[in-house]
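Hi,

Here is the structure I said I'd pass along. Have a look at it first, and then read my notes below.

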Amino acid sequence: AGLAWWKFSPKPVDEEAMAALWQLSFDTPADGPLTLQRLRGRPLLINFWATWCPPCIEELPLLDVFYKENAAKGWQVLGLAVDKMLPVRDFLAKYPLSFPVALAGMEGVGLSKSLGNLSGGLPFTVVLGADGVVRDRKIGKVSSADLASWRELQ
């Protein structure tokens with residue numbers, strides 16, 4: 001159990017990776033490019049997901065509720081799809097989300113690894129405070145308890 005915990009627990013985030021994160025821009029299925037810099041300054045939950053990932057799909061409604069309940073308190077949620085445009089568009093047409101979704105493509109795996117997800121597994125969630133500092137990360141499906149504890153991390 002200890003070996004599995006060590007292998008799959010998030011690793012420290014490289015400071016250069018954090019600086020580079022805020023310079024990134026991603027295509028979106030509907031609204032043109034989204035730059036991460038415009039999300040800076042408020043708490044941000046970034047969720048790496050894919051249309052072909054069952055636990056990712058299972059957690060999206062929970063993340064959507066979190067966003068709806070906490071947006072007025074300053075919280076932002078961004079879904080970064082490790083996927084292609086067409087499957088994401090089709091998915092969102094069937095299951096719309098209230099929070100923004102952008103496409104990281106397969107490069108999203110590398111980005112998630114730079115944020116501490118060394119296994120490259122999905123889903124992967126990063127929680128950033130209003131100061132842009134990583135407050136928490138989780139590999140695997142988020143729970144209501146995770147979201148409740150993160151809500152307090154402004």
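**The largest pocket**

The largest pocket holds about 200 Å³ of space. A pocket here is found on a 1 Å grid over the protein atoms alone, as an open set of points where a 1.4 Å probe fits, with protein on both sides within 12 Å along at least five of seven lines. Grid points are joined across faces, edges and corners, and the volume is the space filled by probe spheres set on the points.

Before going on, the ground rules: this is a predicted model, so local features need pLDDT of at least 70 and side-chain atom pairs count only at pLDDT 80 or more, while totals for chains, interfaces and linings use all residues. Residues are numbered from 1 along each chain as its sequence is written, and side-chain values use heavy atoms, with hydrogens and water left out.

Back to the pocket: 14 residues line it, a lining residue being one with an atom within 4 Å of a point. Pro-29, Ala-30, Asp-31, Pro-100 and Val-101 lie nearest the centre. By class, the lining has nine nonpolar, three polar and two charged residues.

**Two helices, each with a buried face**

Helices (H or I, at least four residues) and strands (E, at least two) are DSSP runs, numbered from the N terminus. Buried means under 20% relative accessible area, exposed means over 50%, and partly exposed is in between, with a 1.4 Å probe and protein chains only.

Take helix α4, residues 85-94. Val-88, Phe-91 and Leu-92 are buried there. Seen down the axis of α4, these buried residues fall within an arc of 95°, so they line one face of the helix. The arc is that of the directions from the helix axis to the C-beta atoms. Leu-86, Ala-93 and Lys-94, on the other side of α4, are exposed. The cover over the buried residues of α4 includes β3, α3, β4 and β5, where contact means heavy atoms within 4.5 Å.

Now for α5, residues 107-114, where Gly-108, Leu-111 and Ser-112 are buried. Down the axis of α5, the buried residues fall within an arc of 100°, so they too line one face of their helix. Among the elements that cover them are α2 (15-21), β1 (25-26), β3 (44-49), β4 (76-81) and β6 (124-128).

**Aromatic pairs**

Rings of Phe, Tyr and Trp (its six-membered ring) pair if their centres lie within 6.5 Å; planes under 30 degrees apart count as stacked, over 60 as edge-to-face and the rest as tilted. How many aromatic pairs does this rule give? The count comes to five. In one of them, the rings of Trp-49 and Phe-91 have centres 5.4 Å apart and planes at 50°, so the pair is tilted. Trp-49 is in strand β3 and Phe-91 in helix α4, 42 residues apart, and the pair links distant parts of the chain. Both Trp-49 and Phe-91 are buried.

The rings of Tyr-67 and Phe-99 have centres 6.3 Å apart and planes at 70°, so that pair is edge-to-face. Tyr-67 lies in helix α3 (residues 54-70) and Phe-99 in the loop between α4 and β5 (101-103), so the pair ties together parts 32 residues apart in sequence. Phe-99 counts as buried because its relative accessibility is 3%. There is also one aromatic cluster formed by Trp-49, Phe-91 and Tyr-95.

**Backbone details and loops**

Most residues other than glycine have a negative phi, and most peptide bonds are trans. Just after α5, Gly-116 takes a positive phi of about 110°. Leu-122 and Pro-123 are joined by a cis peptide bond, with omega about -5°. Pro-123 sits in the loop between α5 and β6.

Gly-120 is found in the loop between α5 and β6. Is Gly-120 buried or exposed? Its relative accessible area is 19%, so Gly-120 is buried. Leaving aside neighbours within four places in sequence, Gly-120 is in contact with Val-109, Ser-112 and Lys-113.

Gly-74, in the loop between α3 and β4, is buried as well, with a relative accessible area of 14%. Apart from neighbours within four places in sequence, Gly-74 is in contact with Arg-42 and Pro-43.

Cheers

Conventions
Ala, Val, Leu, Ile, Met, Phe, Trp, Tyr, Cys and Pro count as nonpolar, Asp, Glu, Lys and Arg as charged, and the others, Gly among them, as polar.
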